[in-house]
Amino acid sequence: MHELGIAQSIVDIVLRTVMQNGGGKIATVRIQAGEMRSIIADQLTFCFAFAAKDTPVEGARLEVEVLPIEALCEDCRQEFRVRGFRFQCPECRGASVRVLRGQELRVKEIELQ
């Protein structure tokens with residue numbers, strides 16, 4: 001379950017960021033996770049609560065926004081959304097594609113009370 005390691009990293013980032021900006025009670029943490037990360041939101045939420053225990057992040061709500069995979073066909077230069085992990089251009093059927101988005105994993109926003 002890679003969600004525990006990700007959850008611990010999120011907690012570390014949130015703690016460091018909040019402390020660098022004067023502290024405060026953390027209400028909500030919003031993250032963006034690319035579809036290629038294969039994160040299961042419910043598992044990440046559970047692991048986040050576990051990793052946050054006995055820290056200033058404890059009790060904060062985690063919101064996960066899943067970002068779709070978008071790619072560029074190297075043959076016809078068409079940008080397209082990858083569906084079902086099928087990395088084939090819908091325009092020319094080419095398989096020479098470059099992933100543009102969908103691998104991200106970032107803390108987007110930290111909301112304080």
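Modeller: A contact here means heavy atoms within 4.5 Å. This is a predicted model, in which local features need pLDDT of at least 70 and side-chain atom pairs count only at pLDDT 80 or more, while totals for chains, interfaces and linings use all residues. Residues are numbered from 1 along each chain as its sequence is written, and side-chain values use heavy atoms, with hydrogens and water left out.

Biologist: What share of the contacts with a separation of 6 or more comes from residues 24 or more positions apart?

Modeller: The count takes the contacts in the protein chain with a separation of 6 or more. Residues 24 or more positions apart account for a share of 70%.

Biologist: What is the radius of gyration of the protein chain?

Modeller: The radius is taken over C-alpha atoms, and the globule rule is 2.2 Å times the number of residues to the power 0.38. The C-alpha trace spans about 55 × 30 × 15 Å along its principal axes. A compact globule of 113 residues would have a radius near 13 Å, whereas the protein chain has 17 Å.

Biologist: How many disulfides does the whole structure hold, and why?

Modeller: A disulfide is a covalent bond between the sulfur atoms of two cysteines; the search requires a pair of cysteine sulfur atoms within 2.5 Å. The sulfur of Cys76 has its closest cysteine sulfur in Cys89, at 3.6 Å, which is too far for a bond. For the sulfur of Cys92, the closest cysteine sulfur is in Cys73, also 3.6 Å away and too far for a bond. The number of disulfides found in the whole structure is therefore zero.

Biologist: Is Arg83 buried or exposed?

Modeller: Buried means under 20% relative accessible area, exposed over 50%, and partly exposed in between (1.4 Å probe, protein chains only). Arg83 lies in the loop between strand 4 (79-81) and strand 5 (97-101). Its relative accessibility is 57%, so Arg83 counts as exposed.

Biologist: Which class of accessibility does Cys92 fall into?

Modeller: Cys76, with a relative accessible area of 32%, is partly exposed. Cys92 has 36% relative accessibility and counts as partly exposed.

Technical notes: Helix = DSSP H or I, 4+ residues; strand = E, 2+ residues; numbered from the N terminus.
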